[in-house]
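This report covers a few backbone features, helices and nonpolar cores of the structure shown below.

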Amino acid sequence: MADIAQQFFISYAGPDRLWAEWVGWQLKQAGHRVELDRWNWRTGDDFILRMNEALERADAVVALFSDAYFAPERWTQIEWTATIASQNRLVPLEIAPLATGRIPDILSARLRRELHGLDETGALAALRDAVHGPAGPRGPVGFPGTTPATEAVRSTADQPRLPGSTGLPGTWNVRRRNPDFAGREAEMIRLREGLLDGHQTVVQALHGMGGIGKTQLALEYAHRFAGQYDVIWWIDAEQADQIPSSYAALAERLGIAKPAAGTEHNARTLLNHLSGRGGWLIVLDNAEAPGQIEEWLPQGPGHTLITSRNPHWTGIAHQTGLDVFTRSDSQAYLTTRIPGITPEQADGLAHDLGDLPLALAQAAGVIGTGTTLDNYHRLLTTNTARLLKEGDAPGYPLSVAASVTIATDRLAEHHPDAEALLRLGAFLGPEPVPTAWLEKARPQLTTVLGDPDDLLWPRSALQPLARRALARIDHRSFQIHRLTQAVLRDQTTPEQAAAIRADTTTLLATAHPGDPQDPQTWPDWAALTPHLTAPHLEPAGQPTLRQIILDATHYLIRGGQSRPARDLAATLHEAWETDLGPDHPDTLTAAQFLGHATYDVGELAEARRVGEDTLARRRRVLGDDHPDTLQSANDLSVILNNLGEESEAHRIKEDTLARRRRVLGEGHPDTLQSANSFAATLNNVGEHVEARRMNEDTLARRRRALGDDHPETLHSAHSLAATLTYLGEHVEARRMNEDTLARRRRALGDDHPETLHSAHSLAVTLNNLGEHAEARRMNEDTLARRRRALGDDHPDTLRSAHGLAITLKDLGEHVEARRIKEDTFSRRRRALGDDHPDTLSSAHSLAISLHNFGKFAEARRMDEDTLARRRRALGDDHLDTLHSAHSLAITLITLRDHAGAVRLLEDVLNRRRRILGDKHPDTVKAAQSLAGALIKAGRHYEAQRVLGSQKQKKRGRKKR
């Protein structure tokens, strides 16, 4: 590398931050520009993208090699091979001896300089050689041939010390390091950068709930960066009046105390001493009263670190809120502490413990001493408070239960109104609780206290919770950790619990957001539903909550959350079938939603069983024409349609539509639902003109009544676009599909099932228009989203796979298209059966691929079987039947069975003319194929007559 100012990116693992600072400082002193890696890369992060972004900004990447740098959870051999190993701009520096086999093979032969084990002069020389090469003079500081960098360089007084060159500070009273400390690398980096931000005294306050690891992070910081300080003094600051004594002890250790002067005098002497020197770190652990602490904060070029439950340090310190572990940190901690635990088990345990570091440590202590994971889960449900007292948690002075109990007792002593509100919140879910609910329900609540004339309630009751980190508060909501809730519930008497449950029921009942089918209400439903379904609330047993929890289930269905909807509906149905009876209206509504959600997750056979039972019960209890009965009939018809039983589905839909028109009227939303559903059936039987008329009428009515962006309106627009596709009007179908997709994305989100229906339909239309590349992109995106949301075997996922295969075939990628077709065909046969329309679509498409690969006999066999099954299941005039007949005829032409091909194509042409008209693309294709078959058979005159007749019909239509 040339000896000119360059831009360096320093890549390092979190524990090696000191080395990154030292190398960066030396490069800056030499006039270079430096950027430290701020990413805590892990498996799942896009390492290639991150490193390529760094290389775009930098002339070279300085990589600091250590065992932590090559930890397997950070990145893979493949990622190294793809990016770093191919870069000539990589400057590798070994900062610690590497374990055997730690470095990836692809990098093992790469020349790297060792910085570890050297003194300052030797390390500087090795760094210079690595960056600039061995030529040129070596100086003790900086590199030759450089100019000052544009980025500000610190003075030599701030120069970081060579890591490992010093031991612990000369003045030090910090307890031993926690060997089980894990995670928190991103927080550690933010803390370090915050403390380095400025030349004067920097005060950083770490705040968060008990057990979240504030003290542990401060302790790890003190040990990790010990070599950068001359003095590190740890003070237990919970009792603010004891701080002067700790300062006096430090003054004595530094030799500046006067024994006869008294504690406060020596404490002031110490503060004055610190104001004139740097290199010190004061840790005020567990400080709770900012007003009492402020006067004892040191001034001068050093660092002060505060840990506190209290978040209110504005004007005193830079604040950093410490949250629970990320799930990946929780899993990494548990898999390290509990041998044999699987990632799935670790994920489940972390969820149940709310990712609280102290709780994870306690759980690891209990499970690691002979308790099985299953038994721990059981005890966590049945004996929460007792269990949260158990388990060795190194570095934590209190258990979760003790921490919550002490904080709550202190709260009750000084703020009984806040303690009452805390206990109310303990019986809700662990998600945020909007304070607007409290304001609305306050007159009806019996367990909350406080002055009725307090205009600032509930804020006045919530602030003490925030100061003690018993709840997280913002301007709209408050949130209590699930383990805090569990301890509080276990400490509540049955009489108290009954009164609080009554209040929570009242609170939730008054929070009803409105129509669950209206997307405008969905954010409020999303906030409410987790509380309605909190297991300890026993919502199924609360009569006043039945309607709202049914509406919540309906919201989940309409919001595309089919699995949570299915689980909730199943829970309600099971409970109410026992408590209320199988024919109770609420039980039947739960059954209706269960059938709907079961259908949405792709379990069609079970959905049919539930749907048939619900319809039979409603007919018997309510009568054939009751709106609820007709809703069940509509739902069952949709299920039957997707099971391939189109004839029975058609009969039920036609009957339901007639009854709804008579009972409810033409414009009723339920009638329009039936009209939309019946139009889809008309498409299935080839009556596309009538389907179009019905869809246009339904769309117009829904637009007038509901607006352009309502989900039901968009459902009609989607259905009309599908009908236009059947009619061959692909340009107009594309316009409608694009508009509907844009509206659904805006209203429902990119991953909503209905949005993905529109994306799939648009991809089909694009393919029909010959825009295969864009169709492929959309198919691939939709397939990926459906696989992620629904699974590989869901009917919608398989429709996307089928559509992608067709597009790949049209792009000439026949091998991949055939592979996908075979896989889709196999999955559909297994899930849907041999005669299902979707299975037959796969069989038809696979036969085309076999033909394209020259396997004509096999293609013929498959076409003949598919044609026979479609005739039997769908009828001779169904468009899918005609597609199979056309495909078989093409294969017969190739096999020189021209007479058989002509017979088939004559029939196909006549039927398509009658059903679709002469101008439809499928009719035109049939005429062209028939003419070709006649020519192959030597019947040229008849071929000319077919083509001439087709042209004449087109001209005649134009004249009319």
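## Residues with positive phi

At 21% relative accessibility, N286 counts as partly exposed; buried means under 20% relative accessible area, exposed over 50%, and partly exposed in between (1.4 Å probe, protein chains only). Phi of N286 is positive, near 65 degrees, in a residue other than glycine. N286 sits in the loop between β9 (280-285) and α10 (290-293). Helices (H or I, at least four residues) and strands (E, at least two) are DSSP runs, numbered from the N terminus.

R184, also not a glycine, has a positive phi near 65 degrees. Its place is the loop between β6 (171-172) and α6 (185-195). With 3% relative accessibility, R184 counts as buried.

## Basis of the values

This is a predicted model, in which local features need pLDDT of at least 70 and side-chain atom pairs count only at pLDDT 80 or more, while totals for chains, interfaces and linings use all residues. Residues are numbered from 1 along each chain as its sequence is written, and side-chain values use heavy atoms, with hydrogens and water left out.

## A cis peptide bond

The peptide bond from W457 to P458 is cis, and its omega is near 10 degrees. P458 belongs to the loop between α18 and α19 (459-467).

In α22 (residues 522-532), the buried residues are W522, W525, L528, T529, H531 and L532. They lie on the same side of α22, because they cover an arc of only 170 degrees around the axis, taken from the directions from the helix axis to the C-beta atoms. Among the elements that cover them are β12 (433-434), α18 (435-441), α21 (494-509), α23 (546-558) and α32 (730-748); contact means heavy atoms within 4.5 Å.

Helix α27 (residues 627-642) has 13 of its 16 residues buried, so it is largely enclosed by the rest of the structure. G644, which follows α27, has a positive phi near 90 degrees.

## Nonpolar cores

A nonpolar core is a set of buried Ala, Val, Leu, Ile, Met, Phe, Trp, Tyr and Cys residues joined through side-chain atoms within 4.5 Å. The largest has 111 residues, of which L349, L353, Y376 and L532 touch the most other members. Helix α13 (residues 357-367) gives the most to this core, with 8 residues. Apart from it lies another core of 26 residues, including L250, A251, A267 and L284.

Leaving out residues up to four places away in sequence, L349 touches L334, I338, A363, I367, L373, Y376 and H377.
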